[in-house]
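Please walk me through this chain.

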Amino acid sequence: NQGLSFPTSVYSKLLCAQEFGSEHVRPFYGIYADNIKADLKLLSAGKVLVGPHGAGLAAMVFLPPSSGVVEWRAVGYPETCFEREAGACGLKYHHMMCHGKKDTPMTVNLQDTMESVKKMYYDDT
């Protein structure tokens, strides 16, 4: 069961888009001690992890090789630590510049996100 992991607001929109089916789209809220087995199981079966720049993306180390990461980054925020981490883990990586500022809500382009996810999801290289 290969799944995709998304924040809840995008999760519901992707389910409505019916591109991947509910069995392939799962919300991921981070790794927590009281649910660590389930969290690691979700990640180890993942195909694409999508989320805003932040500590939660570090969980990509538990994705299978050749999985993908889509990072949302605020315009003007140059930090590339997750791009480097993805490369070190052998993962595909794409970042999307989003309207908003660091530590404030960002506006995410759902269509662009879907295109990035589709490319990674269906690319088995």
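This is a predicted model: local features need pLDDT of at least 70, side-chain atom pairs count only at pLDDT 80 or more; totals for chains, interfaces and linings use all residues.

## The end of helix α3

Just after α3, Gly-90 adopts a positive phi of about 75°.

Helix α3 spans residues 81-89, and its buried residues include Phe-82, Glu-85 and Ala-86. Those residues cover an arc of only 100° around the axis, so they sit on the same side of α3. The face turned away from that buried side carries Arg-84, Gly-87 and Ala-88, which are exposed. Over the buried residues of α3 lies cover that includes β4 and β5 (92-98).

## Overall layout

The chain has four helices and five strands. Along the sequence they follow the pattern β-α-β-α-β-β-α-β-α. Of the 125 residues in the chain, 38% are buried.

Among contacts with a separation of 6 or more, 52% are between residues 24 or more positions apart. The chain exposes about 7,000 Å². Carbon and sulfur atoms supply 56% of that area.

The largest nonpolar core has 12 residues. Among them are Phe-28, Leu-43, Leu-49, Leu-57 and Leu-63. Phe-82 and Ala-86 of this core are also on the buried list for α3. A second, separate core has nine residues, including Val-50, Val-70, Cys-98 and Tyr-121.

What does Leu-43 touch, leaving aside its neighbours within four places in sequence? Its contacts are Phe-28, Ile-31, Leu-49, Ala-59, Phe-62, Leu-63 and Pro-64. Of these, Phe-28, Leu-49, Ala-59 and Leu-63 are listed in the largest core with Leu-43.

Ile-31, Ile-36, Val-61 and Phe-62 make a nonpolar surface patch of about 310 Å². Phe-62 lies in the loop between β3 (46-52) and β4 (68-74). Phe-62 counts as partly exposed because its relative accessibility is 38%. Two patch residues, Ile-31 and Phe-62, are also contacts of Leu-43.

Asp-39 lies in helix α2 (residues 36-44). Is Asp-39 buried or exposed? Asp-39 counts as buried, because its relative accessibility is 9%. Leaving aside neighbours within four places in sequence, Asp-39 is in contact with Phe-28, Gly-30, Ile-31 and Tyr-32. Phe-28 and Ile-31 are contacts of Leu-43 too.

Thr-113 is placed in helix α4 (residues 110-122). Thr-113 is buried, with a relative accessible area of 1%. Setting aside neighbours within four places, Thr-113 contacts Val-50, Trp-72, Met-96 and Val-108. Val-50 is 63 residues away from Thr-113 in sequence, yet their C-alpha atoms are 8.5 Å apart. Ser-116 is also in α4. Its relative accessible area is 11%, so Ser-116 is buried. Not counting residues up to four places away, Ser-116 touches Val-70, His-94 and Met-96.

Cys-98 is in strand β5. Cys-98 counts as buried at 2% relative accessibility. Leaving aside neighbours within four places, its contacts include Trp-72, Val-75, Met-106 and Val-108. Cys-98 and Val-75 are 23 residues apart in sequence, with 5.7 Å from C-alpha to C-alpha.

## Salt bridges

How many salt bridges does the structure hold? There are three. Glu-71 pairs with Arg-73, and their closest N and O atoms are 3.6 Å apart. Both Glu-71 and Arg-73 are buried. Arg-73 is also in contact with Cys-98.

Glu-79 and Arg-84 form a salt bridge at 3.8 Å, N to O. Glu-79 is partly exposed, with a relative accessible area of 30%, while Arg-84 is exposed on α3. Glu-115 and Lys-118 meet in a salt bridge at 3.3 Å, N to O. These two are about one helical turn apart because they lie three residues apart in α4. Glu-115 is partly exposed at 36% relative accessible area. Lys-118 counts as partly exposed at 24%.

Conventions
Residues are numbered from 1 along each chain as its sequence is written. Side-chain values use heavy atoms; hydrogens and water are left out. A nonpolar core is a set of buried Ala, Val, Leu, Ile, Met, Phe, Trp, Tyr and Cys residues joined through side-chain atoms within 4.5 Å. Buried means under 20% relative accessible area, exposed over 50%, partly exposed in between (1.4 Å probe, protein chains only). Contact means heavy atoms within 4.5 Å. Patches are made of residues with over 30% relative accessible area and no salt bridge: like charges are joined within 9 Å, nonpolar side chains (Val, Leu, Ile, Met, Phe, Trp, Tyr) within 5 Å. Accessible areas come from the Shrake-Rupley method with a 1.4 Å probe; for residues, only the protein chains shown count as cover. A salt bridge is a side-chain nitrogen of Lys or Arg within 4 Å of a carboxyl oxygen of Asp or Glu. The arc is that of the directions from the helix axis to the C-beta atoms.
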